[in-house]
Amino acid sequence: MGKVVMYGSVSVDGFVADENDQPGPLFDWLSSGDIPLDESGELKVSQTSYDYTRAYWDQIGVTIVGRHVFDMTDGWDGKPPSGIDHVVVVTHRPEPEGWDPEAPFHFVDGVEAAVAKAQELAGDRLVEVAAGDVGGQVLAAGLVDEVRMDVVPVVFGSGKRYFGSVDAQHLLEDPDVVIQGNRVLHLRYRVRR
């Protein structure tokens, strides 16, 4: 099975969005360079960020998100983002009315079931868990192998926390990747077991 990686862009003070669910400048690094990150041509990063991020994105088989993110993005119109094969949505509610049953989205109740379904779908590829409440729940359940952060030089002061409402200590190893890009610092930590 592939590793489970918690991932997201984050402010220096640990937020993935402001109080109104807006990322503000957290994604500015995705347009701070001249190397296209995907086929859309909208995302352009520095060569350093491209080398790190593209290699990571190419390993992802499944992304796990919460229902809140799914609803905010309108389910990406039924097409998983960044060329990912499947999205697993953690929710207590059924899929939206009129949702295309052929879309590669899977609605499950609970983070343990989400990780199990994602690993089944991903095979040897990575399972990415979006940072925030669901990511924090997966970390608290002991199911995260690695934490990746794109730290952006901004202080929010308040908002949606990277680790959600995690209320217990979790030790990480020393960072094994520290890469400086334009307006971003890419970090990778293994979770201590």
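Q: Which side chain is joined to that of S11 by a polar contact?
A: Before we start, keep in mind that this is a predicted model. The partner is D13: a polar contact of 2.6 Å links the side chains of S11 and D13. You will find S11 in strand 1, which covers residues 4-11.

Q: Is S11 buried or exposed?
A: Here we compare the relative accessible area with a cut-off: buried means under 20%. S11 has a value of 2%, so S11 is buried. Setting aside residues up to four places away in sequence, S11 touches L26, V151, V152, V154 and F156.

Q: Which residues of helix 4 are buried?
A: In helix 4, V134, G135, G136, V138 and L139 are buried. These buried residues pack against strand 1, strand 5, strand 6, helix 3 and strand 8. Q137 also sits in helix 4, but Q137 is partly exposed, with a relative accessible area of 42%. After helix 4 comes G142, with a positive phi near 80°.

Q: Which residues touch the most other members of the largest nonpolar core?
A: The general idea first: in soluble globular proteins, nonpolar side chains tend to be buried together. In this model the largest nonpolar core has 28 residues, and I64, V138, V144 and Y162 touch the most other members. Helix 3 gives the most to this core, with 5 residues. Apart from this core lies another, of 15 residues, including V5, L30, L126 and V154.

Q: How many aromatic pairs does the structure hold?
A: There are 8 aromatic pairs. One of them joins Y7 and Y56 in a tilted arrangement, with 5.1 Å centre to centre and 50° between the planes. This pair links distant parts of the chain, as Y7 is in strand 1 and Y56 is in helix 1, 49 residues apart. Both Y7 and Y56 are buried.

Q: What angle lies between the planes of F70 and F107?
A: Planes over 60 degrees apart count as edge-to-face. For F70 and F107 the angle is 85°, and the pair is edge-to-face, with 5.3 Å centre to centre. F70 belongs to helix 2 and F107 to strand 7, 37 residues apart. With 2% relative accessibility, F70 counts as buried. Together, F70, W76, W99, F105 and F107 form one aromatic cluster.

Terms used. Residues numbered from 1 in each chain as written. Predicted model: local features only at pLDDT ≥ 70, side-chain atom pairs only at ≥ 80, totals over all residues. Heavy atoms only, no water. Helix = DSSP H or I, 4+ residues; strand = E, 2+ residues; numbered from the N terminus. Buried < 20%, exposed > 50% of the residue type's maximum accessible area, 1.4 Å probe, protein only. Polar contact = N/O pair within 3.5 Å; in protein donor to acceptor, adjacent residues only side chain to side chain. Contact = heavy atoms within 4.5 Å. Core = buried A, V, L, I, M, F, W, Y, C linked by side-chain atoms within 4.5 Å. Phe/Tyr/Trp six-rings, centres within 6.5 Å; stacked < 30°, edge-to-face > 60°.
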